[in-house]
Amino acid sequence: MADTTVRIDGNTLRLPGGVAVRFIRTLRLPETGTHPLPPGLGEFPVRRVADYADRVPEAWRARGGVMLPVYLREAMWLSFAGTSEPAALQVGVGKVCAVSGRPWSDRPARDPQNYVVLPRQPWLDGINSGTGTVRQFVAVPLGLGATVEGQVTGEEVWGGVQLQSFPLNDRELARWREEERRRQVPPAPAPPGGYGAAMPAAFGSPAAGGYGAAMPMAAPPAPGAAPAAPASAPRAAAAMGLGVGGSMRQEVYQDDRPLSHWSEQPAGRVFVHLVTPPEWRRITGEAAPPSPVDRAAYTRAGLPWFDYYDEEAADLAPTDALQSVKPVGDWLGDDHEPWQPPTPGQTQHLKDAPGKPVEDGDW
C-alpha cells in the first residue's frame with residue numbers, strides 16, 4: 001500500500017510523491033493596479049494540530065493537519081521549491097479551488113483545470129483571476145463574507161488552505177524516471193537574489209537561512225515549548241480564511257500532459273488551519289513572527305521586486321467564478337498602509353525574462 005503520510009520538515013510540508021510546499025510571508029499589494037511579484041520575507045512557522053490536541057477546537061482535531069499564524073490582512077504566497085517529481089497539486093481556499101473556482105474535488109480535472117503542475121509552477125501567490133495575473137492571498141476572518149469561499153459559495157464553513165497531490169500513474173512515472181536517469185542533469189541552482197530570497201539587513205539576512213528564510217527575530221522555538229500560560233480547555237478559535245488583495249503579474253500554467261497520465265488517487269493531502277497571533281500564542285506557547293516590514297520602506301530601500309516568465313508554458317485562462325471575487329478592502333475598508341511603486345530598475349527578471357507524520361482527518 002502506498003505511503004500517504006504528510007510530514008513537516010522545518011516549516012516545509014512534504015507530501016508523498018516528492019511535493020514540497022512552504023508558506024511565505026510577503027508585502028501586501030495595493031488593491032488597484034497590477035504589480036510585480038512581491039518579495040519573500042520569511043516562512044510562516046508550521047505546527048501539527050495533533051501536538052496541541054488539548055488546546056485546539058474539536059473541529060480542528062477532526063480535520064487534522066497543521067496550523068500557522070497570520071495577522072489580519074497579512075499576505076502570503078506558496079512556494080513549491082524542492083519538489084522532486086512531477087505532481088498535480090490541488091490548492092483549495094476554504095475548499096474552493098484557487099485555480100478553477102470550482103468546489104473541492106477528489107481527483108484532478110480539466111475544463112477547467114483544477115490543479116497546478118509541479119515542478120513547472122514554482123509558486124502560487126493568489127487565485128487565478130485574470131489573463132497572466134493572480135490576485136494576492138490575504139488573510140481575513142470568517143463571518144464577513146470577504147473570503148474567496150464566502151464570495152464563491154455564499155457560505156463560510158471551512159476557512160484555511162487545503163492541499164492534495166497526485167503523482168503520475170505508475171507507467172508514466174517509470175517512464176519519467178528513466179528519462180531523468182538518462183539525462184542525469186543536476187538541478188539548476190536558484191538565481192542569486194531570486195524571487196523569495198531572504199532580504200538583507202532588517203528585511204531578513206541571507207545569513208539567516210537563504211531562500212524565503214524567516215527573519216532572525218522571527219525564529220520560533222521548537223514544538224512543545226512551554227506555554228506562556230497554563231493550558232486551558234479547548235475553545236472556539238477565531239477562524240481565518242483567505243480573501244484576495246492586489247493583482248500581480250503571474251501565470252498559472254496549463255498542463256501539457258494528458259489527464260490520463262495522472263493517478264486518479266491522491267498521494268497525500270493536508271488541511272492547513274490559519275490562526276490569529278493571540279490564538280497561536282495560547283495554543284502553542286510561542287509568539288507569532290512580527291508583522292511584515294512597511295512596504296513603502298522596503299521600496300525606498302531599493303530592495304528588489306520580481307518578474308517571472310516561462311516562454312515554453314501556456315497561461316491557464318481564469319474562470320468567471322474567480323474573476324468576480326472582490327478584494328478584502330470592500331469589507332474591511334481602504335488600505336491605508338503607505339505605498340511606493342518600485343522603479344523599473346528594482347524589478348528583477350527571472351527565468352525567460354526580458355518531522356512527524358501530519359494526521360489527516362475528515363474534511
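What follows is a short chat about a predicted model.

Biologist: Let's begin with the sheet. What is the strand order in the open sheet of six strands?

Modeller: The order is E5-E6-E15-E13-E8-E9, and the pairing is mixed.

Biologist: Which are the edge strands?

Modeller: E5 and E9, the latter covering residues 116-118. Each of these two pairs on one side only.

Biologist: And E13 with E15: how many bridges, and parallel or antiparallel?

Modeller: Five bridges join them, and the two strands run antiparallel. E13 spans residues 161-167.

Biologist: What stands opposite serine 165?

Modeller: Glycine 268, which is in E15.

Biologist: What holds strands of a sheet together in general?

Modeller: Strands pair through backbone hydrogen bonds, either parallel or antiparallel.

Biologist: Now helix H4. Which strands does H4 lie across?

Modeller: H4 lies across E5, E6 and E15. Its direction is at about 130 degrees to E6.

Biologist: How many of the residues in H4 are buried?

Modeller: Six of the eight, so the helix, residues 277-284, is mostly covered.

Biologist: Which ones are buried in H4?

Modeller: Pro277, Glu279, Trp280, Arg282, Ile283 and Thr284.

Biologist: What comes just after H4?

Modeller: Glycine 285, with a positive phi of about 80 degrees.

Biologist: Which residue has a positive phi although it is not a glycine?

Modeller: Arginine 73 is one of them, with phi at about 70 degrees. Its place is the loop between E6 and strand E7, residues 75-79. Aspartate 111 is another non-glycine with a positive phi, about 55 degrees. Aspartate 111 is in the loop between E8 and E9.

Biologist: Is arginine 73 buried or exposed?

Modeller: Arginine 73 counts as buried, because its relative accessibility is 11% and the cut-off for buried is under 20%.

Biologist: And aspartate 111, buried or exposed?

Modeller: Aspartate 111 is exposed, because its relative accessible area is 77% and exposed means over 50%.

Biologist: What is the peptide bond from aspartate 111 to proline 112?

Modeller: That bond is cis, with omega near 5 degrees. Proline 112 sits in the loop between E8, residues 87-93, and E9. Another cis peptide bond joins leucine 118 and proline 119, where omega is about 5 degrees. Proline 119 is in the loop between E9 and strand E10 (123-124).

Biologist: Change of topic. How much space lies in the largest cavity?

Modeller: About 40 Å³.

Biologist: Which residues line the largest cavity?

Modeller: Leu37, Gln121, Pro122, Trp123, Arg249, Gln250, Glu251, Tyr253 and Tyr308. Five of the lining residues are nonpolar, two are polar and two are charged.

Biologist: Last one, threonine 299. Where is its place?

Modeller: In helix H5, residues 295-300.

Biologist: Why is threonine 299 called buried?

Modeller: Because its relative accessible area is 2%, and under 20% counts as buried.

Biologist: What does threonine 299 touch, not counting residues up to four places away in sequence?

Modeller: Trp305, Gln340, Pro341, Pro342 and Gln346.

Biologist: And how far apart are threonine 299 and tryptophan 339?

Modeller: They are 40 residues apart in sequence and 8.5 Å apart in space, C-alpha to C-alpha.

How values were computed:
Residues are numbered from 1 along each chain as its sequence is written. This is a predicted model: local features need pLDDT of at least 70, side-chain atom pairs count only at pLDDT 80 or more; totals for chains, interfaces and linings use all residues. Side-chain values use heavy atoms; hydrogens and water are left out. Buried means under 20% relative accessible area, exposed over 50%, partly exposed in between (1.4 Å probe, protein chains only). Helices (H or I, at least four residues) and strands (E, at least two) are DSSP runs, numbered from the N terminus. On a 1 Å grid over the protein atoms alone, a cavity is a set of points where a 1.4 Å probe fits but cannot get out, and a pocket is an open set with protein on both sides within 12 Å along at least five of seven lines; lining residues have an atom within 4 Å of a point. Grid points are joined across faces, edges and corners, and a volume is the space filled by probe spheres set on the points. Ala, Val, Leu, Ile, Met, Phe, Trp, Tyr, Cys and Pro count as nonpolar, Asp, Glu, Lys and Arg as charged, and the others, Gly among them, as polar. Two strands pair if DSSP finds at least two bridges between them. Contact means heavy atoms within 4.5 Å. Axes are lines fitted to C-alpha atoms, for helices over the stretch in contact, and angles run from 0 to 180 degrees between N-to-C directions.
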